[in-house]
Amino acid sequence: MPITPAATTHSSSNGTADAILLELVDENGVTTGTAEKLAAHQPPGQLHRAFSVFLFDERGRLLLQQRALGKYHSPGVWSNTCCGHPYPGEAPFAAAARRTFEELGVSPSLLAEAGTVRYNHPDPASGLVEQEYNHLFVGLVQSAVRPDPEEVGDAAFVTSAELAERHAKDTFSSWFMTVLDAARPAVRELTGPSAGW
C-alpha cells in the first residue's frame with residue numbers, strides 16, 4: 001500500500017518525532033483548527049475528528065483487536081477492528097484504510113461509509129477524554145491478519161453471540177459500544193440478517 005503524504009510528515013530532520021496534530025471540529029463536523037494529539041485528549045477534551053472501522057469475514061464475524069499494552073491511551077483493552085484520527089486535511093476514508101493496514105497488515109476488500117457519531121467518553125484508567133466526531137466505516141477482510149505488535153496485542157474474529165460473552169468478561173474501550181451501536185444499521189446491511197448483528 002502506498003504511503004500517503006500525510007503519513008510521511010511526522011518525523012523531523014534531526015530524527016525526533018514531530019507532534020501529531022488532530023483536526024478540531026465543531027458540532028457539525030466542520031474543521032475549526034488543530035491541536036496536538038495528547039493535548040486534545042486532556043480533560044475536558046477538545047472535539048476532534050476520528051474514525052472507527054468494523055471489518056467482517058465471509059462468515060459475518062467481526063474482527064476485534066486488543067490494543068497493545070504500550071499504548072498511552074486505553075492499553076490492553078479490546079475494541080473494534082481499527083480506530084484512530086485522520087491527519088489534518090486527510091480524508092477520513094483514506095485514514096481508515098491507511099491505519100487498518102498499518103495496525104493489522106490488511107487492506108479491506110470492501111470499505112464503505114456508515115455515518116458519524118459524536119460522543120464524550122472519559123477513560124477512568126488514563127484520565128484522558130475521548131471527545132470525538134467519529135466517522136464510521138464497515139467492510140470486508142479476506143486476507144490473513146498480520147498485526148503490528150506495537151499497535152495490537154491480539155486479534156480475534158467473533159460472532160454477535162461470542163461478542164456478547166466476551167464483552168461481559170473482558171475489558172473493552174470506553175467508546176466501543178457507542179460506535180458499534182451507531183454502525184449497526186450498516187453492519188446489518190453488510191452481513192445480512194442471519195449474522196445476528
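In which helix is threonine 191 found? Helix H4, residues 176-191, holds threonine 191. The model is predicted: local features need pLDDT of at least 70, side-chain atom pairs count only at pLDDT 80 or more, and totals for chains, interfaces and linings use all residues. Residues are numbered from 1 along each chain as its sequence is written, and side-chain values use heavy atoms, without hydrogens and water.

**View 1. Threonine 191 and its contacts.** Helices (H or I, at least four residues) and strands (E, at least two) are DSSP runs, numbered from the N terminus. Threonine 191 has 18% relative accessibility and so counts as buried (under 20% relative accessible area; exposed is over 50%, partly exposed in between; 1.4 Å probe, protein chains only). Leaving aside residues up to four places away in sequence, threonine 191 touches Phe56, Gly60 and Trp197 (contact: heavy atoms within 4.5 Å).

**View 2. The aromatic pair of phenylalanine 56 and tryptophan 197.** Rings of Phe, Tyr and Trp (its six-membered ring) pair if their centres lie within 6.5 Å; planes under 30 degrees apart are stacked, over 60 edge-to-face, the rest tilted. The count comes to three aromatic pairs. Phenylalanine 56 and tryptophan 197 sit edge-to-face, 5.6 Å centre to centre, with 75° between the planes. Phenylalanine 56 is in strand S3 and tryptophan 197 in the segment after H4, so the pair ties together parts 141 residues apart in sequence. Both residues are buried.

**View 3. The aromatic pair of phenylalanine 93 and phenylalanine 137.** Ring centres lie 5.8 Å apart and planes at 75°, so this pair is edge-to-face. Phenylalanine 93 belongs to helix H2 and phenylalanine 137 to strand S8, 44 residues apart.
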